[in-house]
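Me: I'm new to this one. Can you walk me through the salt bridges?
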Amino acid sequence: HQIHPPTTARTSNSPPVAWTVAAYEGTVRTILSAYKERGRTALADPLGAALARALQAALRARTAAWDRRPVGRSPPRQDVLVVRVPSAPGAVRRRGHDPMRAAMEVAVRLLRADGAVVVGADALRQRRQVADQAGLTARERAANLAHALEVDPRTHIAGRQAVLVDDVITTGASLTEATRALRAAGAEVVAAATIAATPLRKPH
């Protein structure tokens, strides 16, 4: 499904359209919770495969968008960076693993085996502490995450194309902040992909 950001207003900091494969409810919610919070690390393989499906759709959309650009523009670099929204360091320590890093690695490996020219990149990091997002309204989530991320200076992303990945899209606040940070460092964020989306977001 194609999932639109929570607002129809498009600004320089609006996230790109995100693609997802499942609704965040029922079995999907239980599986993601077991993976993230109960140490079921073997679930990285099926969840990474699901993320790869969303990434494939995002990359197809990126190619279609490029084909619509004016004639005479130079083609982009072939490789596309796949950049995950980082988990809080405290959450990673508490869980004993980094769920999205592992799922992203599986997804990138599957896409590369299928011929896609993509590279996983740990380009983003938290620059300040943020509160737990659970229970926050859309406005509170946006305020909580505002300017919370930055690009690792060791990562060279200026002029590169990037696709953002995350586990679940709820209000779009995480993708919005990640998009801002990447664009501030000179990257072009062309699409986003998630494993699931909350039911309040309407697929088109």
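Me: Let's start with Asp 167. Buried or exposed?
Reply: Asp 167 is buried, with a relative accessible area of 10%. Keep in mind that this is a predicted model. The cut-off for buried is under 20%, so Asp 167 qualifies.

Me: Which element is Asp 167 found in?
Reply: Asp 167 sits in strand S8.

Me: And what is Asp 167 in contact with, leaving aside neighbours within four places in sequence?
Reply: Leu 32, Lys 36, Met 100, Thr 194, Ile 195 and Ala 196.

Me: Which side chain meets Asp 167 in a salt bridge?
Reply: That of Lys 36. The N to O distance is 2.6 Å.

Me: Is Lys 36 buried or partly exposed?
Reply: Partly exposed, at a relative accessible area of 21%.

Me: New topic. How many salt bridges does the count come to?
Reply: The count comes to 10.

Me: What about Glu 37? Which residue does its side chain meet in a salt bridge?
Reply: Arg 95, at 2.8 Å from N to O. Glu 37 lies in helix H1 and Arg 95 in helix H3, residues 89-95, so the pair ties together parts 58 residues apart in sequence.

Me: Glu 37 and Arg 95: which accessibility class is each in?
Reply: Glu 37 is partly exposed, with a relative accessible area of 39%. Arg 95 counts as buried at 18%.

Me: Next, Arg 101. What does it form a salt bridge with?
Reply: Asp 122. The closest N and O atoms are 3.0 Å apart.

Me: Where are Arg 101 and Asp 122?
Reply: Arg 101 is in helix H4, residues 99-113. Asp 122 is in the loop between strand S5 (118-121) and strand S6 (124-126). The pair ties together parts that are 21 residues apart in sequence.

Me: Which residues are joined with them into one network?
Reply: Arg 84 and Asp 98.

Me: Last one. How accessible are Arg 101 and Asp 122?
Reply: Arg 101 is partly exposed, at 34% relative accessible area. Asp 122 is partly exposed too, at 35%.

How values were computed. Residues are numbered from 1 along each chain as its sequence is written. This is a predicted model: local features need pLDDT of at least 70, side-chain atom pairs count only at pLDDT 80 or more; totals for chains, interfaces and linings use all residues. Side-chain values use heavy atoms; hydrogens and water are left out. A salt bridge is a side-chain nitrogen of Lys or Arg within 4 Å of a carboxyl oxygen of Asp or Glu. Buried means under 20% relative accessible area, exposed over 50%, partly exposed in between (1.4 Å probe, protein chains only). Helices (H or I, at least four residues) and strands (E, at least two) are DSSP runs, numbered from the N terminus. Contact means heavy atoms within 4.5 Å.
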